Every structure is written in structure tokens, then in C-alpha cells.
Amino acid sequence: MIAAMNSWTCIESWPSKLRLVESIMFAFAVMAIVYVGAQ
Amino acid sequence: MVVWRRAGIDFVHLLQLQHTSVGQSKSPATIAIQSATRNSLIFLVVFIIFNKSIHFALRHGYSMTFAHSLPVLLTIYFLWSAFHPWKSRKVWWEMLARVLMAPACPVIFRDGFIGDILTSLVRVLIPFAFSLLYLLLSVYAWVVNDLSWTVSMSDKWWTTNPILHFVLIPFLTIYPLWIRLLQCLRRSVESGHRWPHLANASKYASAIIVISLATFRPEYRGNWLWVLALVGATLFQYSWDLTQDWGMLCFSVPETKENCSFADVSLSFRAKRLLGPSWVYVSVMITNLALRFAWTLTLLPPPNEEDGLTVYNLVTKHVGPILAAAEIVRRMVWGFFRLEFEQIEFLQRANPAKDMDLLDIEMVSTVSISLVAGLTGAFVRLQWPSIVPLPRGEQQTTWTGWACFFHRA
């Protein structure tokens, strides 16, 4: 389990664009929750 | 600065201030103290003259033009001193601009440090916005030759304008947290490590969600789920302070065991300490827990007078200003220990072969900080120059908490 978490934490092998997409999705998810909560 | 210097923490290098007047000065603390003293005195003198002028004008029926021109002149002075002399002020504005433009600029340690300070200044930024509004209205009133108009209009705008309550205050409250979130995401992309950056981003995301719900949907404030989320987000921030920002508590795994599970993980107190004995650290941990919850209260929107006498209104209206001041003190103490841990990590990175024998920075001055925080504020008591070398050969299982834990596993 710890080994699995250890490998999950590292995404160096991912292409940089994929890492960027992941971060953008994270930011949009936060914005979406705030937007839905505000409605 | 005095605390950092006495503890042997090279804050000029860690915060990359070498090219600033503070970094080039032999006594950088003197610059900061002189500047703070001068500005505080000017503010207090103007404040007293303003009050006396108002009373005098009201009692004798004179015009209040002079009194109302004082806050405007004071604001103009502070703005002028913030930009003049431009040669030395420019570097500080550039530092702030780097933070505000997140995630456009590469994130260094200083950017995160400034971003965290900004999150503590929410209750300062809101009155600051009011000051700027007051200045603009006063200038307009000056043009139309009716300075009394400034008072009535600024008050009215401040209490009733929907743009203020649904745009400006939420923006000032959430934007510092949003900056830190974006900085963490950028570091995750650049470093290729989810840990600790995505977890740190989650910390700011949880704060943003909880605060924005309270801002846009005030009826949620009484909901137990929202209260639970508020407590959870605050505890998340607190645990992050202890394990990551300060590194006071370390998660350790046995070095000899190959297939270790979560049951083998133990929590230990960091052995290498620059800022005094262990009781100082324990007292700071306890105080930080109380003030962390206080900080969350300062982020909540101002009370709505129409709701009448509620607990929420009482707390935010009367205790709020004190909590805002306490948050500034908390952030100051947070800064002591944040840079201490960064210094220890820096030395560890510079010389990984050794297990961070802090005697390399010989005769570290031990600074005892006793923090007594109460409703009226806090003070920091410094004891020096008690030159006490740290114990040699103490073995530390982990240095960076979870990060090291994962790599070792």
C-alpha cells in the first residue's frame, strides 16, 4: 500500500503537458465547486 | 529578523533578499524597525489631530473640512512612501508582483512565503480597500467643493453596495488562497511530484470552498455540515503547519524493515531545533491550534446587521478585530519556525552525507521564544545571548515528514 502511494506521488515520467492538464483540471474542479456552492 | 539572526538562520539567503537594502545592510532589523516606528508615529499623531479636529468642529460649529482632509493626506503620504525612492522600492514591488501573477512566474520559496503572509492579511486588506475608496471619494468631493459629502457617501457605499459584498470582499478574501493554490499546482507540474504540492493545493482548496460557501450562502453558516467542514479544513491547515511547514513532527519508518505497513509508522518530535528548548515548540504548537481557528473566523464575511443579535454577529463584530491582530502575531511566529525548518532542510540538501550535524554552524545562539497569546494580543520574549551548542550526533530518522517517508518506502 505504501509502495503504491509512493509511486502515485511521483509523476515525473508523465509528459509535462499531461501534468499541466492534471493541474488545470484540479483548479477548474475547485472553481466548479465554488460556483455550484454559490448558486 | 532579530530572531532569525540570533538563531543562525540566514533569512537573506533563504528569501533571496541579497539585492535589497535589507539584504545589503549590516543591521537589517534596524531598517524595518525605523520604518515601522516612523509610520506608526505619523499615523497616531494624525489620528489624534483628526479626532481633536472633529470634536472641536462639532463643539464650536466650524467646518470639518480640515478634519476630513487629514485621512486623505495621510493616505497620500503612505502611497508616496510606498513608491519613493523608486530605486529601492522597486524590488519589493517586483516581489509582490511575482506572487500576484501566479501561476505565470516560476515559484520560489519566497513566493510561497509571501503568499502565505497575504492569506493572513485579509482583514487588513478590506479596510485598506475602504481607505482607497475614501481617498477617491475625497478627491472627488474636493473637486465639487463639498468635503462633508465624502463621509456620507463613503459610509453609504460601504454598507449597502452589492458590488462590495458580492465582489470586492469575496475577492480580497479568496484571492490570496487562490494564489497559493496556483503556486502549489505550478510546483507540482514543474517538479513532477504530487506530494506534497497537490496535498498543499488541497489544503487551500478546502479553505476556499468553506469560506466561499459562507460568503455566498450565508444560510449555510448554521448548517452542521458546514461547521464540520470548517473544523476539518482548519485541522488540515494545522497538521500541515506541524508536519510540513515547520517539520516539528516527523513520520518515521524503521530503516531496517523492508515491507513496512502503516502500523510501523511512528510520529516523532524533530530532534534538531534552532529556536529554543522543546517546551517552546510545544507551547507554540498549542497556541497555533487556537489561533488557527481564530484565523478561520477572521476570513468569514462581516456580520449582517439585519440578522439581529446572533452568536455569529457577536463573535465576528466584537472579537473579529482582536482575532485579526492575533492572526498577524500568529503569522509572525509561523515565519520564525518556517524559516528555521527551511534552513535545516537547506543545510541537509547542501550536505546530504551528514545527518545534519548542526554544530557545523558553530555556536548557534539559542533564542527562547515564549509566546503568551491572549485576547489582547501576544508578546515575544527573547533571551540572548545564551550561546548553547546543539547536541551532537542525534539521529533523525526523517527530515521532511511524509515526503521522506514515501521515498524510503
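**Entry 1: prolines and backbone of chain B**

I began with Pro103(B), which I located in the loop between helix 6 and helix 7 (109-119) of chain B. I then looked up the bond that leads into this residue, and in this predicted model Ala102(B) and Pro103(B) are joined by a cis peptide bond whose omega is about 5 degrees.

I went on to Pro85(B), which sits in the loop between helix 5 (65-83) and helix 6 (86-100) of chain B. Here the peptide bond running from His84(B) to Pro85(B) is also cis, and I noted its omega as near 0 degrees.

Next I looked up the phi of Gln16(B), and I found a value near 55 degrees, which is positive although the residue is not glycine. I placed Gln16(B) in the loop between helix 2 (11-14) and helix 3 (21-24) of chain B.

**Entry 2: the interface of chain B and chain A**

I turned to the two chains together and asked how many residues of each are in contact: 30 residues of chain B touch 24 residues of chain A. For the area buried between chain B and chain A I noted about 2300 Å², with 72% of it given by carbon and sulfur atoms.

For the polar side of the interface, I looked up the residue pairs in polar contact across chain B and chain A, counting those with both residues at pLDDT 80 or more, and the rule finds 7. I then asked which helices of chain B supply at least two residues to the side that touches chain A, and these are helix 10 (162-191), helix 11 (197-216) and helix 15 (402-408). Helix 11 of chain B gives the most to that side, with 9 residues. By residue class, the side of chain B that touches chain A divides into 19 nonpolar, 8 polar and 3 charged residues.

**Entry 3: a nonpolar patch on chain B**

Last, I looked up which residues form a nonpolar patch on the surface, and I listed Val227(B), Val231(B), Leu235(B), Leu289(B) and Phe293(B), which together have about 330 Å² of accessible area. The elements that give two or more residues to this patch are helix 12 (224-245) and helix 13 (278-299) of chain B. Helix 12 of chain B gives the most, with 3 residues, and I checked that Val227(B) lies in helix 12.

Notes: Residues numbered from 1 in each chain as written. Chains lettered and ligands numbered in written order. Predicted model: local features only at pLDDT ≥ 70, side-chain atom pairs only at ≥ 80, totals over all residues. Heavy atoms only, no water. Contact = heavy atoms within 4.5 Å. Buried area = accessible area lost by both parts, 1.4 Å probe. Polar contact = N/O pair within 3.5 Å; in protein donor to acceptor, adjacent residues only side chain to side chain. Helix = DSSP H or I, 4+ residues; strand = E, 2+ residues; numbered from the N terminus. Nonpolar A, V, L, I, M, F, W, Y, C, P; charged D, E, K, R; others polar. Patch = residues over 30% accessible without salt bridge, like charges linked within 9 Å, V, L, I, M, F, W, Y side chains within 5 Å. Areas by Shrake-Rupley, 256 points an atom, 1.4 Å probe, with all protein chains shown as cover. Salt bridge = Lys/Arg side-chain N within 4 Å of Asp/Glu carboxyl O.
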